[in-house]
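Biologist: Could you take me through this model? I would like to begin with a charged pair and then look at the sheet.

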Amino acid sequence: MRTSAKFVGLGAAALLVLTACNPSAEEDEATTGGGEDTAAEVSTDISEAPEQTLVVWDQEIRGGQNEQMERLNEAFMDKYPNITIERNSQSFEDLQTTLRLALSGADAPDVVQANNARAMMGQFVSSGQIQCLDDYAEAYGWEDRFGDILDYSSYSDDATTFGEGCVYGLPQVGEVVGIYYSESKLEELGLEYPQNWTELEEQLPRIVEAGEVPLVLGNIDKWPAIHVFGAIQGQHVDAEEIRTLGFGNPGGSWETDGNEAAAAQLQDWVTEGYFNDGVNGADYDQVWQDFANGEGVYLIAGSWLAADLNDAMGDDVHFALPPSDGPTTTGGTGLPFSVTSAAEDVDVAAAYIDFITSDEAMEILAETGNVPVLNAADFAGDADQVVGDVMTAFDELIASGNIVPYLDWATATMDQVLGDALQNLIAGNSTPEEFTQTVESAYAEATNE
């Protein structure tokens with residue numbers, strides 16, 4: 001049973017919903033009436049709900065991310081004066097650390113942002129710490145609005161399969177890893193944004209000869225190099241192979257010529273001096289701020305930096321997909337918002353998630369420089385330069401490219417395994433072959449379980 005002490009005080013409707021989401025409830029369906037009866041108890045009208053505090057943990061701490069949350073939370077409380085939101089906002093790194101402990105404690109929050117990865121959401125699903133939201137997906141029409149995007153936060157009840165099954169959360173933003181660059185800096189160097197990967201490779205030594213740093217990366221936290229490797233991998237490996245590896249489902253292999261070639265290219269770029277010095281000891285946030293201040297020509301990073309770079313660089317900063325036909329790159333959604341199994345009122349928690357992912361919320365997300373996960377292209381024309389670039393790129397990737405999942409989603413430990421392996425590769429402590437062997441070992445162990 002996923003029941004906790006807090007469930008004792010739940011109303012009947014919420015309790016029935018929780019029971020419907022509990023894998024162990026299948027044994028009781030014969031006596032309780034099963035899914036149809038519990039679905040009927042879901043309420044989307046919380047205007048008459050008892051006065052209460054909804055505790056929300058998020059990681060939307062940067063400028064535009066924080067602003068959209070502040071505006072949406074205020075609007076939600078204006079619409080529902082019976083609900084007070086108590087917000088706890090932490091950095092991505094801090095949330096990764098604190099959330100596990102919080103969900104197992106007596107004062108767990110009601111709504112949390114949980115990384116889609118097996119290491120986070122997958123573990124929360126298997127341990128019954130977050131709730132299946134299928135009944136609410138039906139009641140609010142999420143399947144019609146979000147379509148296949150729901151795959152990115154769906155798991156089987158036992159969390160062995162990722163990408164299908166129950167819906168465990170909703171995202172607000174679309175994310176894509178691409179390349180930021182300064183238009184004026186390229187002009188000073190007599191360059192244009194490359195049309196294909198070969199052109200990019202040819203530019204890198206020319207940029208060094210001109211006395212500039214071609215690429216900047218801050219990898220002290222290990223995960224940033226995963227995104228850079230993903231962009232390179234997309235040039236060497238078939239998208240479907242990457243999806244299998246990224247979702248951690250059986251049938252893939254890291255020990256392929258393509259993955260080894262991608263690892264070799266990343267290591268070559270380091271040894272050739274195409275990155276800033278001390279990549280593995282450099283702080284991610286400091287590096288992108290250095291880039292905004294003129295250090296480096298290209299920054300391979302995610303769309304989440306667009307609003308801050310726009311504030312720092314204005315119309316000079318641009319964003320584009322890794323240059324190639326039918327581009328393949330890492331992306332998907334921002335961290336979904338999930339309802340914990342300790343939620344005091346599941347109807348209220350689900351209504352909050354629906355509110356902050358509504359069509360009206362998408363407008364606020366666009367106004368604050370974020371990339372709405374729905375209808376992004378509709379907002380590109382009114383957005384600041386680089387934000388519009390990101391919205392257009394995300395739409396292009398969905399329409400004619402290949403969006404592939406974050407590689408650290410694959411297993412419960414892949415974030416550490418892959419992060420460590422990439423740090424070793426970058427430091428020259430392992431060969432590309434040893435890199436793929438290391439990652440394959442963790443992938444094979446997980447998929448053979």
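Biologist: By how much of a helical turn are Arg-71 and Glu-67 separated in helix α4?

Modeller: Please keep in mind that this is a predicted model. Arg-71 and Glu-67 are 4 residues apart in helix α4, so about one helical turn separates them. In general, an α-helix has 3.6 residues a turn, so residues three or four places apart point the same way.

Biologist: How far apart are the closest N and O atoms of that salt bridge?

Modeller: In the salt bridge between Arg-71 and Glu-67, the closest N and O atoms are 3.9 Å apart. The cut-off for a salt bridge is 4 Å, so the pair is counted.

Biologist: How accessible are the two residues, Arg-71 and Glu-67?

Modeller: Arg-71 is partly exposed at 34% relative accessibility. Glu-67 is partly exposed too, with a relative accessible area of 39%.

Biologist: What is the count of salt bridges?

Modeller: The count comes to 9 salt bridges. One of them brings together the side chains of Asp-359 and Arg-145, at 2.8 Å from N to O. Asp-359 belongs to helix α17 and Arg-145 to helix α8 (residues 142–146), so this pair ties together parts that are 214 residues apart in sequence.

Biologist: What are the relative accessible areas of Asp-359 and Arg-145?

Modeller: Asp-359 has a relative accessible area of 41% and is partly exposed. Arg-145, at 25%, is partly exposed as well.

Biologist: Which residue meets Lys-185 in a salt bridge?

Modeller: The side chain of Glu-212 meets that of Lys-185, with 3.5 Å from N to O. The pair links distant parts of the chain, 27 residues apart: Glu-212 is in the loop between α10 (197–209) and α11 (223–233), and Lys-185 is in helix α9 (residues 183–188). Glu-212 is partly exposed, with a relative accessible area of 24%. Lys-185 has 11% relative accessibility, under the 20% cut-off, and therefore counts as buried.

Biologist: Which residues are joined into a network by salt bridges that share partners?

Modeller: Asp-58, Glu-70 and Arg-87 are joined into one network in that way. Asp-58 also has a place in the strand pairing, as its bridge partner in β2 is Ser-89.

Biologist: Do β1 and β2 pair in the parallel or the antiparallel sense, and over how many bridges?

Modeller: Strand β1 (residues 52–58) pairs with β2 in the parallel sense, over 7 bridges.

How values were computed:
Residues are numbered from 1 along each chain as its sequence is written. This is a predicted model: local features need pLDDT of at least 70, side-chain atom pairs count only at pLDDT 80 or more; totals for chains, interfaces and linings use all residues. Side-chain values use heavy atoms; hydrogens and water are left out. Two strands pair if DSSP finds at least two bridges between them. Helices (H or I, at least four residues) and strands (E, at least two) are DSSP runs, numbered from the N terminus. Buried means under 20% relative accessible area, exposed over 50%, partly exposed in between (1.4 Å probe, protein chains only).
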